[in-house]
Amino acid sequence: MYNYSCSAAAVERCRAMLPSADHTASAPTSTLSKVWEFILSGRGGPGQRLVHQADWLASLTMGSGSQISGTDYHNALKLGYDIEKLCWPEWLLAEEQVANLLPQHVVAPGTTLGHVGAESSRWLGLPESCRVLAGTTDSIAAFLAAGTTQVGEAVTSLGSTMAIKMRSLVRVEDAAFGVYSHRLGGNPLQWLVGGASNTGGVVLRKFFTDKALKQLSDEIDAEADSGLDYYPLPSPGQRFPVCDSALQPRLEPRPASDAQFLHGILEGMARIEAAGYGKLAELGAGDVCRVVTAGGGAKNAKWRQIRQRLIGVQVQSADWTEAACGSALLALRGSGLLG
Ligand SMILES: Nc1ncnc2c1ncn2[C@@H]1O[C@H](COP(=O)(O)OP(=O)(O)O)[C@@H](O)[C@H]1O
Ligand SMILES: O=C(CO)[C@H](O)[C@H](O)COP(=O)(O)O
């Protein structure tokens, strides 16, 4: 999974390859660390290839005759792909065990890969003339659905986890804080600077049903401080705005009132989000000017007010809050949607 933290041995082998300590692929959760965990477990070997979920689904859709040979450059970022020169870097190709596993082709998200195969046409009900296009990551899909246009505008995806992405003209990368940039596109070239935190709706799910969340949220005074100093995580470990696989959650003391408890958790998550945007500015990505919200948390108006108070800019809900809408737009407009 995206937040699975690899063994110390795998992370060490991964870091030994990298050209700089702050490289995005140096995170214990990076795809490259996972590749090393796979190799060290003795499972790597001739004929094996790394496949992202999106690549696997595309190949299934195209049918049994299609080869899974490629991926898109959003999914390839945490594997170490050079998203400026658009090639696999020499340091990655030089390590044979890793190079043998790399996807052979990397294309822009939204590039046509092929067509729906005969078998999947039957069970999906889609015509064989339907094209299959290269995908993207879940939080970039949510970003595309949210419909921002200006540098400084950002999207926070409040799903099981919290991912933030801001349009910037500056590419920023610092693994110590879990900050990285995806290539967006456009002329001049724009970057999606941000990070993905382990905090998010998964913490809320531990304590509340969606129905209770709605009822209790109505009782919260969003303009008042809860007086609680929580750091909501589902278990130890944080990726962003600090990368620390031992960071402990803080969810005590628990007050008698469930509404106050929820208020404290929402505020704690909003403080993490605000610190995230603060970190992007501190590292040179620029100031956030507007935040659009995607994911299941976008429907919570009280949380939005709390976040607006703590981040200090306008916070809105996206018209389309589902990542799937971004994937559909990418399919409709191809790579022309990027930028
Ligand atoms: N009213 C609400 N306020 C805040 N969060 C909510 C509310 N309703 C649902 N959620 C949270 O939304 C999350 C699900 O959002 P979703 O975008 O579907 O997540 P994902 O796709 O990452 O699993 C759940 O973790 C749930 O706690
Ligand atoms: O935590 C997540 C899964 O819900 C994030 O969406 C994911 O890790 C973010 O990755 P990227 O920035 O490469 O899209």
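Trainee: How much space lies in the second largest pocket?
Mentor: This is a predicted model, so local features need pLDDT of at least 70 and side-chain atom pairs 80 or more, while totals for chains, interfaces and linings use all residues. Side-chain values use heavy atoms, without hydrogens and water, residues are numbered from 1 along each chain as written, and chains are lettered from A and ligands numbered from 1 in written order. A pocket is an open set of points on a 1 Å grid over the protein atoms alone, where a 1.4 Å probe fits, with protein on both sides within 12 Å along at least five of seven lines. Counting the space filled by probe spheres set on points joined across faces, edges and corners, the second largest pocket holds about 490 Å³.

Trainee: Which element gives the most to the lining of the second largest pocket?
Mentor: Lining residues have an atom within 4 Å of a point, and 20 residues qualify, with Asp210, Leu213, Gly296, Gly297 and Lys299 nearest the centre. Helices (DSSP H or I runs of at least four residues, numbered from the N terminus) H8 (201-207), H9 (210-218) and H11 (301-311) each give two or more residues. With five residues, the top contributor is H9.

Trainee: Over to ligand 2: how far is an oxygen atom of it from an N or O atom in the side chain of aspartate 138?
Mentor: Asp138 is among the residues around ligand 2, along with Lys78 and Ser139; being near takes a heavy atom within 4 Å. Lysine 78 puts a polar side-chain atom 3.0 Å from a ligand oxygen, and for serine 139 the distance is 2.9 Å. For aspartate 138 it's 2.8 Å.

Note on methods: A polar contact is a pair of N or O atoms within 3.5 Å; within protein, one must be able to donate a hydrogen and the other to accept it, and residues adjacent in sequence count only if both atoms are side-chain atoms.
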